[in-house]
Amino acid sequence: QQELRTQALGRQLFLFEELPSTNDRIKDMARQGGEHGTVVIAKRQTIGHGRMQRVWESPDGGLWLSLLLKPRLSLGDAAKLTLSAGVALAQTLQDLYRLEVRIKWPNDIVIQGRKIAGILGEVAGEWNTVQTLILGIGVNANFSGQTLSPKIPAITLQDILGHEVNLNHLTAELLFNLEKEVQSLEQGDVQGLIQRWTSFAVGINRPVRIEKAGISYGGIFKGIRENGELVLDQEGQEITFSSGEVSLRAE
Ligand code: BTX
């Protein structure tokens, strides 16, 4: 906590040896009136959640963090915070470790084509008329990717750098960058966010394939709309995809 450079994010910080899921724990705190910026970190999670009931493997050595936000945003804009988190995380990993980080739509953080981190945004409902959001962030840091299930195309900071990283420092920088992103969104700079997101995006202005419900769509990845939908140009015709059961492959 001494390393924090933020105003609100992480000023209330709870650290656990082990939790089922930091997102679940912070939802309980939200219900009990937890403050904007509250952070929960666990050294390991026993049932970390991914999107759509998927499991996020969370062994010792990773950064497993959840954040409670009550931003001054409409609900529609608040949903953009998962994009903000993606940008803040990509920027942090790039700045701290000089890595080439990409964001694969909708919000996978990848290095060398493999997933190094994931983000899970959840609307935690309205308490005392303030919209409350939960952002869960998982970074594969100080463990070997080989400890994860073999099917998972994952990579860790330790795999890439060959040494462990300082998790306190990583957390402090991440929260600092994320606070900047939240503030810029609160000031209405959606275009800036989309620009920064696009600068990290895999496959932008290039041919990609989208798989949705067993059907494959090919086209040029033109970018994302303000609501996060992906825009594909199929021979001059634009089609949009919302996240969900959709996957993107660069050609
Ligand atoms: P996602 O649904 O995009 O990714 C889940 C998928 O990623 C899994 O189905 C699996 O294939 C793969 N996967 C599982 N574990 C890992 C891992 N450690 N590294 C790389 N790939 C993996 C992404 O969901 C959102 C993840 C958020 C995790 C954070 S951790 C703190 C917070 N608490 C919590 O329960 N979830 C969030």
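## Exercises: the ligand shell and the salt bridges

Of the 26 residues around the ligand, S21, H49, R51, R54 and N140 come nearest; a residue is near a molecule if one of its heavy atoms lies within 4 Å of it. The model is predicted: local features need pLDDT of at least 70, side-chain atom pairs count only at pLDDT 80 or more, and totals for chains, interfaces and linings use all residues. Residues are numbered from 1 along each chain as its sequence is written, and side-chain values use heavy atoms, with hydrogens and water left out.

**Exercise 1. Find which elements supply the shell around the ligand.**

Step 1. Helices (H or I, at least four residues) and strands (E, at least two) are DSSP runs, numbered from the N terminus.

Step 2. At least two shell residues each come from α1 (22-31), β3, β6 (114-127) and β7 (130-139).

Step 3. β6 gives the largest share, four residues.

**Exercise 2. Find the distances from ligand atoms to S21, R51 and E57.**

Step 1. Take S21. A side-chain N or O atom of S21 is 2.7 Å from an oxygen atom of the ligand.

Step 2. Turn to the backbone. A polar backbone atom of R51 is 2.8 Å from a ligand oxygen. For E57, a polar backbone atom is 2.9 Å from a ligand nitrogen.

Step 3. Check the cover. On its own the ligand has 780 Å² of accessible area, and the protein covers 92% of it. These areas come from the Shrake-Rupley method with a 1.4 Å probe.

**Exercise 3. Locate the salt bridge of E17.**

Step 1. Apply the rule: a side-chain nitrogen of Lys or Arg within 4 Å of a carboxyl oxygen of Asp or Glu. The count comes to 14 salt bridges.

Step 2. E17 pairs with K43, and their closest N and O atoms are 3.1 Å apart. E17 is in strand β1 (residues 13-19) and K43 in strand β2 (residues 39-45), 26 residues apart.

Step 3. Check exposure. Buried means under 20% relative accessible area, exposed over 50%, partly exposed in between (1.4 Å probe, protein chains only). E17 is partly exposed at 45%, and K43 is partly exposed at 38%.

**Exercise 4. Trace the network that holds R44.**

Step 1. R44 forms a salt bridge with E18, with 2.8 Å between the closest N and O atoms. R44 is in strand β2 and E18 in strand β1.

Step 2. R44 also meets D60 in a salt bridge, at 3.2 Å from N to O. D60 lies in the loop between β2 and β3 (63-69), so this pair ties together parts 16 residues apart in sequence.

Step 3. Shared partners join E18, R44 and D60 into one network.

Terms used:
A polar contact is a pair of N or O atoms within 3.5 Å; within protein, one must be able to donate a hydrogen and the other to accept it, and residues adjacent in sequence count only if both atoms are side-chain atoms.
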